[in-house]
Every structure is written in C-alpha cells, then in structure tokens.
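Biologist: I am new to this structure. Please take a close look at one part of it, the salt bridges, and describe them to me in one go.

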Amino acid sequence: MGGSDEIARAGGETHPVSGAHPAVLVALDHDAGEPLRRQLAGELRDAIRAGRLRTGVRLPASRALAAQLGVSRGVVTDAYEQLTAEGWLAARRGAGTVVAAEPVSDPPRAEAPRRAAVRFDFTATTPDVSLFPRRQWARAVARAAAEAPDADLDYGSGFGSLALREALAGYLGRVRATAAGPGAIVVCAGYGQAMRLIFSVLAGRGARRVALEDPSLSDHWDAAARAGIEPVPVALDGEGLRVDVLEAADADAVVVTPSHQFPTGAVMGPERRHALLAWAHERGRLIVEDDYDAEFRYDRRPLAALQGLDPARVVYVGTASKVLAPALRLGWILAPAALAPALAVEKLAADSGSPALDQLALAHLIASGEHDRHLRRVRRTYAQRRDRLVAALARAVPEGRIEGAAAGVHLVLALPVALDPTALRRAAAAHGVVVEDIAERRRAPSADGATRLVLGYGRVPTAGVEAAATALAAALRDAGRGATIVA
C-alpha cells in the first residue's frame with residue numbers, strides 16, 4: 001500500500017479510532033526496500049522534530065494504527081519501541097504512548113545572559129491578584145451555570161448580558177454617579193478592547209485626530225493608530241489635562257483619566273471638568289473617560305464620574321481588572337445613545353460577544369452585595385499598604401517627594417535628580433527591582449527634567465514593603481552616581 005494515511009486531523013479533532021490528537025501524516029511505501037518499521041519510525045521522528053507532534057500528545061494504540069496503515073501490529077510496536085528507546089516517545093501506564101521529546105527543528109540557542117531574579121515588582125498597572133475572591137467567584141459561576149435560562153447560553157447580543165448591564169447601571173449610578181440605563185451599556189473584553197471599539201466607531205464617523213494625555217497609557221496610542229486616527233499629545237499639570245492648550249490639538253475627541261490620572265496621579269477638579277465639557281460642547285466633540293481605579297480613594301470620597309455631568313458628550317469606560325482581576329477580561333462602555341448601537345455592532349463583529357457565564361457571575365456578585373464587601377476589604381488592604389510604602393520611602397529615600405492623590409494602586413516618587421534611564425534600568429535589575437520612570441511614557445520631556453518613578457504596590461505584599469523600599473533606595477544610589485541635580 002502506498003500513499004498517505006492520516007493519523008489524526010489537524011486542529012485537535014479526535015481520531016475516529018484511537019481517540020488520539022496528534023496532527024501528522026504518515027506515508028508508508030510498501031514497495032520500497034526500506035523496512036516498514038524503519039519508515040514509520042522515521043516519519044514519526046521527523047514529525048516530532050518539526051513540532052507537528054508536540055510533547056505530551058498521545059499516539060494511537062498500536063493495533064488501531066496498524067489497522068489504519070494496513071500493516072501488521074508488530075510494525076507499529078517495533079517503531080514505538082525504537083523511538084521510546086531513543087527518547088522520542090514514552091510509554092505511560094494508563095495513558096498509552098505519548099510524545100516525550102521537544103521539537104528540535106531549530107538549532108539550540110545560546111543561553112541568554114543571566115539577570116538577577118525579580119524580588120520586588122513595582123509594576124504600576126496591575127492589582128494584587130492574590131486578593132481575588134476565589135470562593136465567592138466560584139459560587140457565582142456555579143449559580144450562573146445552574147440558573148441561567150437556556151436563552152442566555154445561546155449566541156448573545158453585542159451589548160452583552162442584560163442581567164449584567166442592569167446590575168452595572170445600578171452599581172455605577174450608586175458608586176460613580178453615572179447616568180446610563182442598560183441600553184446604553186456595552187460589555188467588552190477589558191479596557192483594551194473598549195478603546196479599539198470606540199476608536200473604530202469614531203474613525204468610521206470621520207474622526208481624524210484624538211487628544212491624549214501626555215504622559216498616559218500606551219494602549220491609547222496603539223489603539224488610535226490601529227484605527228487610523230492620529231493621536232495628539234496634550235500636556236498636563238497638577239490637575240491633569242490642560243484644557244487651555246487642548247484647542248491647539250484640533251482633535252475630534254479626547255481621552256482623559258480625570259479621577260486619577262495615569263501615571264501622574266493628578267485629580268481633575270470641578271472647574272477644570274466644566275471647562276473640558278465646554279470644549280466638547282463647543283464643536284460637538286467627544287470625551288472618553290477612563291475610570292480605571294476610581295473605587296480606590298483613601299483620604300476622601302472620590303469625585304463623581306465626569307459622565308454623570310453630560311452623558312451625551314462623555315463615553316465612560318470601566319473594567320473589573322483592578323477591583324477583581326485582569327484575567328476576567330470584563331469591561332464596559334457607557335455610551336451616548338447615538339454611539340451605543342454602533343459599538344454593539346463592532347463588539348459582535350470582533351468576537352461574537354464576551355463569555356455569558358462570566359457576565360452572569362459578575363451580575364450575581366454585584367446584586368448579592370459580595371462585590372461591595374470585597375471592595376471594602378481590598379480598599380483597606382491597599383490603603384494600609386500605601387501608608388506603609390509612603391513611610392518606608394520617607395526613611396529609605398528621604399530626598400524623594402510623593403506626588404499624586406492617595407488613590408489607586410500606584411504612587412509617584414519625584415527625585416531631585418535627573419537619572420540616566422539606562423543606568424536606572426541596570427541598577428534596578430541588579431537589585432532585583434522592577435520600576436518604571438514616567439519619562440518612558442512621555443511624548444515630550446518634563447519641564448523640570450527630574451526623574452519621577454511610578455511605583456505600583458499591587459505586586460508588593462504588605463509584609464515586603466520595607467524590604468522593597470530598601471532595595472529601591474540601593475538601586476537609586478547606584479544609578480545616581482554622577483546624576484544631575486535639578487532645582
């Protein structure tokens with residue numbers, strides 16, 4: 001028998017006889033002089049080398065593969081035994097014969113230079129995921145699976161689960177003073193997708209330029225560029241985005257973080273907010289409000305969301321990433337009536353909707369009060385951790401100055417020197433510290449040239465704050481040799 005016999009279909013489909021999942025074609029030539037056993041061993045060896053058969057994949061039983069290839073079972077058994085002896089395969093009790101070796105289609109790469117292990121991670125964009133309420137979430141998911149009507153398990157609307165949108169409308173109205181009913185809310189897969197959907201719709205309606213805070217999250221810039229919209233940097237001051245220079249940007253929309261600017265930590269006051277709304281009204285422009293961590297304000301109640309002041313001009317974006325966990329990939333857009341349907345269409349085209357059970361679980365978490373209880377717990381934890389970090393920095397880096405509001409899961413440490421960015425990165429890595437200079441997010445240099453570090457405390461456990469501050473101080477001393485002192 002000549003030609004090819006397919007052991008299993010690509011894409012993970014189960015083999016009809018053996019139930020195995022490898023994706024490989026085996027061609028045996030019965031007329032060739034080479035023994036069939038050697039041919040089969042060679043085909044399988046080449047498939048493993050090329051990566052078509054991955055480590056851990058279970059091969060068909062010898063009897064099933066022999067029947068499929070039209071050979072005796074001994075041919076397959078001999079080939080399997082040969083490859084097992086060579087280390088390509090392994091015979092496991094209860095699991096049959098599995099691929100044991102890694103693909104070797106590429107030559108081994110030289111070992112990368114060793115770096116100091118990360119001991120203290122000040123990444124500013126992530127919460128403490130160890131605080132995720134696992135038991136409460138598991139119960140909510142189980143309840144959603146048990147109680148969801150059959151219709152909720154079918155293909156859904158681009159707007160998302162009605163139950164979640166109703167829960168969000170009530171929760172955000174109560175906690176953030178937003179003004180939006182369920183019909184104005186679009187559920188999405190986190191903040192990144194929210195911005196892609198918004199920019200896509202704006203581009204389709206003729207938007208050419210969008211004003212962005214400088215510095216700000218790089219995701220804004222990437223999403224705008226992908227949508228074909230030109231991002232324009234706008235300077236900040238102690239109250240966030242400077243509306244007085246916004247007009248020069250000639251933008252159709254602006255993205256702001258008014259409740260806790262990222263990364264500077266500035267809070268936009270009432271007068272500045274009204275000036276921004278006036279800018280939007282003047283020529284029918286749009287404001288996109290990123291309300292990424294407003295639930296976490298430790299010294300006072302946070303200002304209400306900008307969206308509540310003008311729902312027709314403000315698109316509000318929020319997520320579950322900071323309060324719960326980024327891995328949930330759940331976010332929401334509160335949109336003006338003229339935009340919500342178009343955003344829902346874009347969402348449906350993007351991925352056919354976010355997972356229904358996760359949406360229903362979050363709706364239950366909110367409706368049951370578990371979400372509020374969890375928020376109170378983590379708010380206390382972060383407040384205590386921030387206080388400890390501020391105190392530890394005062395001892396370890398007394399020349400530094402804390403900037404920004406007592407909010408969120410990050411703070412800014414301003415230094416009286418201008419450190420060389422490369423020297424800072426090397427010194428931090430040598431001490432096992434992950435830290436970011438705000439300059440890395442700036443499009444234009446700062447006015448005073450001083451180094452400002454963005455210190456997140458989501459990944460620094462409360463008990464490790466003192467040691468983290470000490471390690472950071474050591475890194476700064478190493479990086480600061482010969483640094484320029486600024487006024």
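Modeller: Arg242 is partly exposed, at 28% relative accessibility. In this predicted model, Arg242 forms a salt bridge with Asp244, and the closest N and O atoms lie 2.8 Å apart. That distance counts because the cut-off for a salt bridge is 4 Å between a side-chain nitrogen of Lys or Arg and a carboxyl oxygen of Asp or Glu.

Another pair sits in a helix. Asp46 and Arg49 join their side chains in a salt bridge, with 3.4 Å from N to O. Both belong to helix α1, which covers residues 36-50. Asp46 and Arg49 are three residues apart there, so about one helical turn separates them. Asp46 is partly exposed at 43% relative accessibility, and Arg49 is also partly exposed, with a relative accessible area of 34%.

A further salt bridge brings together the side chains of Arg401 and Glu403, at 2.5 Å from N to O. Arg401 has a relative accessibility of 45%, which makes this residue partly exposed.

Salt bridges can also link up. Arg139, Glu370 and Arg373 are connected in a network of salt bridges. Over the whole structure, a search finds 21 salt bridges; among them are the Arg242 and Asp244 pair and the Asp46 and Arg49 pair.

Conventions. Residues are numbered from 1 along each chain as its sequence is written. This is a predicted model: local features need pLDDT of at least 70, side-chain atom pairs count only at pLDDT 80 or more; totals for chains, interfaces and linings use all residues. Side-chain values use heavy atoms; hydrogens and water are left out. Helices (H or I, at least four residues) and strands (E, at least two) are DSSP runs, numbered from the N terminus. Buried means under 20% relative accessible area, exposed over 50%, partly exposed in between (1.4 Å probe, protein chains only).
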